[in-house]
Amino acid sequence: MIDLHSHTNESDGTFTPLELVELAVESGVEALAISDHDTFAGYDQALHEAQARGLDLICGIELSTRDPGKARAVHLLAYFLRQPPPAEFRAWLGELIEGRRDRNRRLIASLREQGVEIELAEVERLGRTLTGRPHFARILMDKGYAANYEDAFRRYLGETAPTFVERYAPDVPVAIGRVLEAGGLPVLAHPIRLGLRDLDTEAKFIGELKDAGLRGIEVFHSDHRPTDMLRYAGIARKYKLLVTGGSDFHGDIKPQISLGTGYHGNLNIPMTVLNDLRAGS
Ligand code: AMP
Ligand code: FE
Ligand code: FE
Ligand code: ZN
């Protein structure tokens, strides 16, 4: 069993990189990709421990991008299977992180305008470099402004909330180009979350990403029902895309999702998936 999508507390997960390695070994995960949002800090810290424990650790990342036409959010995974990401790519990530900080400052102002007593410093204590909306949600819950995580997004943080603040995200084709230039494998994350109900529209959109240089699609994911996985496997065959999969484990903020086995055991991804990725990269 392998898991090619996971988060540490260097982005919005709750496990430290070392705890995640430990959990992977205990859970019988043979190969693990750490794919934090916008940072390699979790992977960097986990590498030594993973090697010591005989865990095949893969360098990954998850980028928030947008579909230029529709301003729709598109999550792009990137895997660096052959070479570590070069310095230019890491510098580009620094720009994305700066965009996030700028959004956080504006989000604080927007919340305070609505009477929410919240300070940037307290959110950043929780989220550090990669402070994001999940950390805002935590504070809003702790302070009694929201009943739970979903409520925090519905009232304050989600796209339809009155206090919502946009953050800079690169267009998908730009991000795909950056990943390819850096020697990485760009993969569409959890396509179900594109929310494209019409199946022809969905397939067409993925075909356009393929034309922009996309190399793979996340067929196996905690959010995918069996019928979704079948459909995405078909799309992968149709467009000659590589197949990936992972739980999208975040730890205690999404307690219903387990490393390796996903949502109520809906995943059991074989090593052949990784072998095919390595052969195709
Ligand atoms: P950020 O990158 O800081 O804008 O935060 C994005 C993260 O917030 C995503 O990865 C999700 O984990 C979470 N998120 C975004 N929208 C929602 C929502 N409507 N409900 C719950 N969680 C959300
Ligand atoms: Fe996340
Ligand atoms: Fe995602
Ligand atoms: Zn993820």
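These notebook entries record what I looked up in a predicted model.

**Conventions.** I worked with a predicted model in which local features need pLDDT of at least 70, side-chain atom pairs count only at pLDDT 80 or more, and totals for chains, interfaces and linings use all residues. Residues are numbered from 1 along each chain as its sequence is written, chains are lettered from A and ligands numbered from 1 in the order in which they are written, and side-chain values use heavy atoms, with hydrogens and water left out.

**Entry 1: helix H2.** I took helices (H or I, at least four residues) and strands (E, at least two) as DSSP runs, numbered from the N terminus.

Which residues of H2 are buried? I noted Gly 42, Tyr 43, Ala 46 and Ala 50. Buried means under 20% relative accessible area, exposed over 50%, and partly exposed in between (1.4 Å probe, protein chains only). An α-helix has 3.6 residues a turn, so residues three or four places apart point the same way. The buried residues of H2 pack against helix H1 (17–27), strand E2 (31–34) and strand E3 (56–67), where contact means heavy atoms within 4.5 Å. Just after H2, Gly 54 takes a positive phi of about 75°.

**Entry 2: ligand 1.** I listed the residues around ligand 1, among them Asp 12, His 37, Tyr 149, Phe 153 and Lys 254; a residue is listed if one of its heavy atoms lies within 4 Å. For polar contacts I looked for pairs of N or O atoms within 3.5 Å. The side chain of Arg 100 has an N or O atom 3.0 Å from an oxygen atom of ligand 1. For Arg 167, a side-chain N or O atom is also 3.0 Å from a ligand 1 oxygen atom. Taken alone, ligand 1 exposes 500 Å², and the protein buries 75% of that (Shrake-Rupley method, 1.4 Å probe).

**Entry 3: positive phi in a loop.** Most residues other than glycine have a negative phi. I found that His 190, not a glycine, has a positive phi of about 20°. His 190 is in the loop between strand E5 (185–188) and helix H8 (199–211). Is His 190 buried or exposed? His 190 is buried, because its relative accessible area is 3%.

Key. A polar contact is a pair of N or O atoms within 3.5 Å; within protein, one must be able to donate a hydrogen and the other to accept it, and residues adjacent in sequence count only if both atoms are side-chain atoms.
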